Amino acid sequence: MKFLKVRNLLICILLLVGLRAAHAQTAPLVGKVIDAESKKPLDYVTVHLKSAKVPAFTDEAGQYIIRKYTTTDTVTFTLLGYLPVVKSAVELLNNGNIGLVRQSIAIQEIVIRPRENPAYKIVRAAAKNKHLYLPENQEAIQFGTYTLMKGSILEREATDKKKGFSKRYAPYLDSLTLSDAPSRTASLPIFQSETVKETFFSRNPKKSKEILKASKVAGVGIEKESQIAQLLNAQAEHFSLNQNWMRMFDKDFVSPIANQWAAYYDYDLEDSVETSSGKVYRIKILPKRSQDLTFEGTMWIADGSYSLRRIELRLNKDVALNFVKNLQIVQAWNEEDPSLLPLSSKRKFQITGLPGSDVRLFVETITTYTDLVLGQPKPEEFFDMTHQISDSALKYKEGYWQTMRPQAFSPEEQKRLESIAQINKLPEIQSAVKIIRVAVEGHMPLNDKFEWGPVFGTYVYNKVEGHRVQFGGRTTQEFHPNWILNGYLGYGTKDESFKSLFNIRYIANRQRWTEWGVSYLNDVGPASMDLNNSQLNSLFFSAFRWGKMNFPYQQERMQMWAEREWLPGFRQRVTFRHTNYRPAFDTEPLSGKNDVSKYDGFSTTDVTLSLRYASAKKVLIRHYEKIPIANSTAPIVGLDISAGLSGLMNSDLTYQEVSLSVEQRVRAGIFGYGRYYFKAGKTFTKVPLPLLQVPIGNETPFFILHGYNLMPFFSFATDEYVSLRYDHHFEGAFSITNRLPLLKKTKLLLVAGGAVLYGRLTDKNKPTYEVGATEKVNFRSLEKDPYAEVNVGFKNIFQLLRVDLVHRLTYKELDSPLWGVRLSVSVNP
């Protein structure tokens, strides 16, 4: 009896072990999918495990891996143009290699119009029907996405162990298969990010919302809450080929099924195949002009529904896209039924360095779509915040990510993460990260809680202060997540005086930006320039302190403010300030008897209301600011209203000022795109010189958009003005650089534009004195004619530079040439 019990127990244990083995295999299913005839590996073949929620896909080498399965599972291998193959898990364990056989051609069954390319009928129907498959056009839709983004540094000589790159980083090298390389290329992993999002669309009213559910970034020099991490998350976004234009790298790319397809593309009907859901046409995509922002490749369109089933796109190699090359997009849809979303979307590209540099950055993004829900509308108040970050988005542990990944990480992907962690510890990497942060942000970290800066203002020399030395800094997130302190202390050897700034800010809410703060400033600078503004940390602002300083005033200012983003993109700021102005120049030669007050010292107490609306849906949230990063074509509108309060805190003036600004990017189709900058303002009362509006002149060799490139510094002052600048980038069919053979090879892009300024000093603010011929004073009022200048030039010089020839059309008597060449750095792709 005892023997029977032991035997039964052993049988139960063996059954349990066998059952567990049947449902939790440890050996993965691995193999390679090739074309049965040519033996070439097939990329992005759908590998669908029957029990899996989402499929896997083969890589560039045709390889696949499935880690979670049961022995009773079956796997289906499908690729449009090939016969599907179904294998059991047991068969794949024995031999995971698959050869797919091409399907037969059936083009003869197509009904075409006489004398018309047969592909045109299909593309025309796809363009007409594409709105049916655009998520934004659905009554109510929501879906989830998981995005894996990987970045690696490539080098052409990376396999040569004698080279410094490979020798120093050999322990961390990985390998990749690239489309432009016959074999696997050595690479150094530098970042890897995972992002989980939920996206919602509503048609009536037309609303959208994106919720960042979880984010995880590992990268060289990248903290999890840094702006680089947020930019990576911003790239993990949904985009649809059913739109006319796709926005990538600040460019508008034309979809192969856009309404304007006939102006940009030609097509060849290559094949048609029968699938379980009906006939599918294979169409080759051919750009009409090699330098338009178009693609070449292949797309499969279903008969009847005329919806996309699969698309493989490559950016034309002749497109003048700065720093970006080999852009490729592959999307695959479910073959069983027309779907609004692809099963998966892959995008990869390389970021190149300057000419002559072999270093390249390879970036690959794979997005998997899940949990599509239709017809369940959300209340209108749900869309009040268009972009939301979950409170726990950055706090999820590894267990969560294992459940969210469509496929478990391979040992190679785990090794990438370990390599990134080790590279981060290398001294030269830490030093390089600091240098880059100084160049971009103007501050250098000294420890976890304090950053030194602005670095560019540490030393300057000018005729007012002599040699000026300064030390300052700001606190970091580690010091306090809400309290932000920044400031500096400086000293001038000529005026023998100390300068100082101290700001205290409290950020109560970063999603709906809410802050208040106080500051104290005691410094010298050009008249009409705010010495405590967002430009303080920039190289451009520091340049004004060098050399001759026009109409310098010593400013002592105390202010307090409160700011709130009441609606997404709509911010209001109220500022109360008291300022003492004291001229730091000899005012006697400039002042007639009736104009002493225009230059003499005075005090003001004022209140300013600033309103700003920017409908950009994506923003970059830094520790101390919130910046729109979406490339929206909606205008950015600003309104500032100021009032001076005489008598309050010994204020000398009562005055009122108002200014309006509008900035917008404008699509011009085949003509490229443009951007205009409009600004208007008025001062309603008599005010001293520092309170007048002074147009920004330019006596440097550098091109500026928010000023006038052939106007000397401090040429004019106004109390009412209207200004407009337009800057156009010719990137389409009408660009001269796309049509002339010699220019076509250079990949230069034509730019052109101009600026005009109407303004005046009303009688109450006009100087009553006459400037003598020997006096070096430029300050004057604009006359009836506007100031106007035009410019034309080329950008994409060495992928980095822009050069403009500028001509001043009016005010030819100014002490400045009528023609000038201006240079600028254009890192825009």
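**Chat notes**

Me: What does the side chain of Asn-765 reach?

Reply: The side chain of Asn-765 reaches the backbone nitrogen of Val-687 at 3.0 Å. That falls under polar contacts: pairs of N or O atoms within 3.5 Å, where within protein one must be able to donate a hydrogen and the other to accept it, and residues adjacent in sequence count only if both atoms are side-chain atoms. This is a predicted model, so local features need pLDDT of at least 70 and side-chain atom pairs count only at pLDDT 80 or more, while totals for chains, interfaces and linings use all residues. Residues are numbered from 1 along each chain as its sequence is written, and side-chain values use heavy atoms, with hydrogens and water left out.

Me: Where is Asn-765 placed? And is Asn-765 buried or exposed?

Reply: Asn-765 sits in the loop between strand E38 (749-760) and strand E39 (787-797). Asn-765 counts as buried because its relative accessibility is 0%. The cut-offs are under 20% relative accessible area for buried, over 50% for exposed and partly exposed in between (1.4 Å probe, protein chains only). Helices (H or I, at least four residues) and strands (E, at least two) are DSSP runs, numbered from the N terminus.

Me: What does E39 pair with?

Reply: E39 is joined to strand E40 (residues 801-808) by 8 bridges, and they run antiparallel. Two strands count as paired if DSSP finds at least two bridges between them. Val-792 has Leu-805 in E40 as its bridge partner. E40 also pairs with strand E41 (residues 819-825), antiparallel again, over 7 bridges. There, His-807 stands opposite Trp-819 in E41.

Me: OK, zooming out. How many helices and strands are there?

Reply: The protein has 12 helices and 41 strands. Of its 829 residues, 49% count as buried. It exposes about 39900 Å², with carbon and sulfur atoms supplying 58% of that. Those areas come from the Shrake-Rupley method with a 1.4 Å probe, and for residues only the protein chains shown count as cover.

Me: Salt bridges next. What's the count?

Reply: The count comes to 26 salt bridges. The rule is a side-chain nitrogen of Lys or Arg within 4 Å of a carboxyl oxygen of Asp or Glu. One of them joins Arg-203 to Glu-139, with the closest N and O atoms 2.5 Å apart. This pair links distant parts of the chain, 64 residues apart: Arg-203 is in the loop between strand E10 (184-202) and strand E11 (207-219), and Glu-139 is in the loop between helix H3 (118-129) and strand E8 (140-155).

Me: Why does Arg-203 count as partly exposed?

Reply: Because its relative accessibility is 45%. Glu-139 is partly exposed too, at 44% relative accessible area.

Me: What do the side chains of Lys-499 and Glu-465 do?

Reply: They meet in a salt bridge, 3.4 Å from N to O. Lys-499 is in strand E27 (residues 497-509) and Glu-465 is in the loop between strand E24 (459-462) and strand E25 (466-475), 34 residues apart. Both Lys-499 and Glu-465 are buried. They also belong to a network of salt bridges that links Glu-465, Arg-468, Asp-495, Lys-499 and Asp-523.

Me: And which residue does Glu-563 meet in a salt bridge?

Reply: Glu-563 meets Arg-573, at 2.6 Å from N to O. Glu-563 lies in strand E29 (residues 552-567) and Arg-573 in strand E30 (residues 570-583), 10 residues apart. Glu-563 is buried, because its relative accessible area is 9%, whereas Arg-573 is partly exposed at 25%.

Me: Last one. Which residues make the nonpolar surface patch?

Reply: Met-558, Val-574, Val-607, Leu-609, Ile-641, Leu-645, Leu-648 and Met-649 make it, and it covers about 590 Å². Patch residues have over 30% relative accessible area and no salt bridge; like charges are joined within 9 Å, and nonpolar side chains (Val, Leu, Ile, Met, Phe, Trp, Tyr) within 5 Å. Leu-609 lies in strand E31 (residues 602-614) and is partly exposed, with a relative accessible area of 31%.
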